[in-house]
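The report below is written to be read beside the sequence and the model. Please keep both in view while going through it.

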Amino acid sequence: MLPRWKGKDKKAKKGAEAEALREPMSKIISQLQSSLLQSEACGFLSDNNVQLAVASEQIDLLDKACFGQPVRTVEKDVVWFQLSLEEAFYLCYHLKCLKIKDGGSGIQSDEELWTKIKSKNKTFPYFYKAYSHLRMKNWVVRPGALYGVDFVVYRHHPARVHSEYGALVLSHDDDKDLNGRLNVWSDIHCTTRLLGGVAKILLVLYINRNGNKDDSPLCLANYTVQERTITRWIPEQSREKGSSC
Amino acid sequence: MEDKAWGYCSSEEDVDDNNTDLHLQNASDDEQNHHFSSHSFPKFQPRVAKSKGVWKDEIGMAEIIEKNGKMWVTTGICRSNKTYSSIEETVYLMELGALQLLEDGGDRSLSLVDMYQKVLGRTRGCCWEQFEVYRHLKYLGYIVGRHGVFWSLKGIRSSHKTVTLEDSKESKQLVDMGCKVELPIDDLFNELQINDLRPDFDVYPPNSRFKKSSPGDPSFLLYLARSHPPSRTGIEIEALEKQCDGIPLKIGRVTGGQVSFFSFDKVELPVLP
């Protein structure tokens, strides 16, 4: 399936593709990174997200880079962004451009933050590995609940292109049942059918811990990710194409 | 399939932003399985000249003693100038009315019911679901053989000379007429050992020039899923892929008479700019 750029007609679609090429995601992310660094951005940890107050030029960058969601408030010069835990940890641990406070205990070290998030959410190490794996390849990763998956994955900003994949995070060795997905056939039928209907492919990210624990974010480096797509093959439609299957 | 008299369940498909052109994948689903009324139920013309076979219970195959029709180009395996058909091939041809099957050593004809019972008995390396998958693909013109069973030994002698099989293994292959190791029924329901996983069928695309002596590589190998999806999909799919020699693998699944196929393809998303 080819990327589906957005636009009313062919010309507009070409335009969206050209714009994306002119402004690659890696460039946007590094602009965001230096901007947040310069302003010594600091968010705070709330239940299962991170709140970050930003000034106007960063609103634009966060939006372009597809991090978080703006929250409407009456405050004039400041906009609050709500970051998912994966997004926040990526900015903090991988891009090193965000500090995170936790209520009373001040700025958290990477280790402290990791432990805190993990205590609330056992699957976080897997989800973060999956998120960062795709982000590091400059794919845009957004929550996928609306499509019944863990993430939706875009080639560029969602304003320019439709997402190509709906992603599920599974454990390779299945030492623990992560989120109970794809354990029954009906779920495989359901997910491929739903995603097929909205022109997405089911992407499964098998996270293999390779025997490592998850005590520290340093362990992440030893985790590996296997990508597989699950698609339905329809023999009625493949007869003529011969070898293509 | 063309006769779509029952329009009531046509698509009320998911509506995404602008993807009206994207329902191709699922379109055929709605056209299948809607021939209730007898006039549209597919019936086969009984053949005038049937082939004849003798059921050999000890090898779980039929020895073909009279061949009529072109289907033998893509059906049955050849061993020392004889043709043997597996149970799924035998039953399929009987359903088409293309094969008359005789009891071994007797004159009695075996009926379709006799043979269905053998399939249901699961003792001939083929269970009912496997038969359904086989039949589904055959209807569509695919060429289907048991995985790892040579169509003919001629091809092997000529084209596989360089392959050095151990003596014991080779002779085992020669004797192996295509039946899987007979598994106790329980094992088919329980999770098989990872290492015991092996594809069920070799599937070739429809090809009028197919030759048993040089079949070429199958376009994919088919593994028929048991009751649940591979629970440790990552590991199980890998174990199956190891036996595929780089040939694509597909997973077949049968439920309620519907056959579906899935690919679990390893991919690597590119690094974007």
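A:Ala199 is found in the loop of chain A that runs between α7 (185-197) and β9 (201-208), where helices (H or I, at least four residues) and strands (E, at least two) are DSSP runs numbered from the N terminus. This is a predicted model, in which local features need a pLDDT of at least 70 and side-chain atom pairs count only at pLDDT 80 or more, while totals for chains, interfaces and linings use all residues. Residues are numbered from 1 along each chain as its sequence is written, chains are lettered from A and ligands numbered from 1 in the order in which they are written, and side-chain values use heavy atoms, with hydrogens and water left out.

Most residues other than glycine have a negative phi. A:Ala199 has a phi near 60°, a positive value in a residue other than glycine, and its relative accessibility of 3% is why it counts as buried. The term buried means under 20% relative accessible area, exposed means over 50%, and partly exposed lies in between, with a 1.4 Å probe and protein chains only. In chain B, the loop between α8 (233-242) and β9 (249-255) holds B:Asp245, whose phi is near 50° and again positive in a residue other than glycine. B:Asp245 counts as exposed, because its relative accessibility is 74%.

Helix α6 (residues 124-136) of chain A contains A:Lys129, which counts as buried because its relative accessibility is 14%. Contact here means heavy atoms within 4.5 Å; leaving aside neighbours within four places in sequence, A:Lys129 is in contact with A:Phe124, A:Ile207, A:Leu220, A:Tyr223 and A:Val225. In chain B, B:Glu95 is placed in helix α2 (residues 87-95), and with a relative accessibility of 16% it counts as buried. Its contacts, again leaving aside neighbours within four places in sequence, include B:Phe44, B:Tyr116, B:Phe131, B:Arg135 and B:Tyr139, and B:Leu112 is also among them.

The table gives one C-alpha to C-alpha separation for each of these two residues.

| Pair | Apart in sequence | C-alpha to C-alpha |
|---|---|---|
| A:Lys129 and A:Arg209 | 80 residues | 10.0 Å |
| B:Glu95 and B:Leu112 | 17 residues | 7.2 Å |

**Chain A as a whole**

The secondary structure of chain A comes to eight helices and 10 strands, and its C-alpha atoms fill a box of roughly 65 × 50 × 30 Å along the principal axes. For 245 residues a compact globule would have a radius of gyration near 18 Å, and the 19 Å of chain A agrees with this; the radius is taken over C-alpha atoms, and the globule rule is 2.2 Å times the number of residues to the power 0.38. Of the 245 residues in chain A, 53% are buried. Among the contacts of chain A with a separation of 6 or more, 59% are between residues 24 or more positions apart.

**Confidence**

The model scores ipTM 0.92 and pTM 0.84. Chain B averages a pLDDT of 76, and 66% of its residues score at least 70, pLDDT being the predictor's confidence in each residue, from 0 to 100. Over residues 1-25 of chain B the pLDDT is below 50, and this stretch has 43 contacts in the model beyond near neighbours in sequence. Residues 158-192 of chain B also stay under 50 in pLDDT, and for them the model has 42 contacts beyond four places in sequence.
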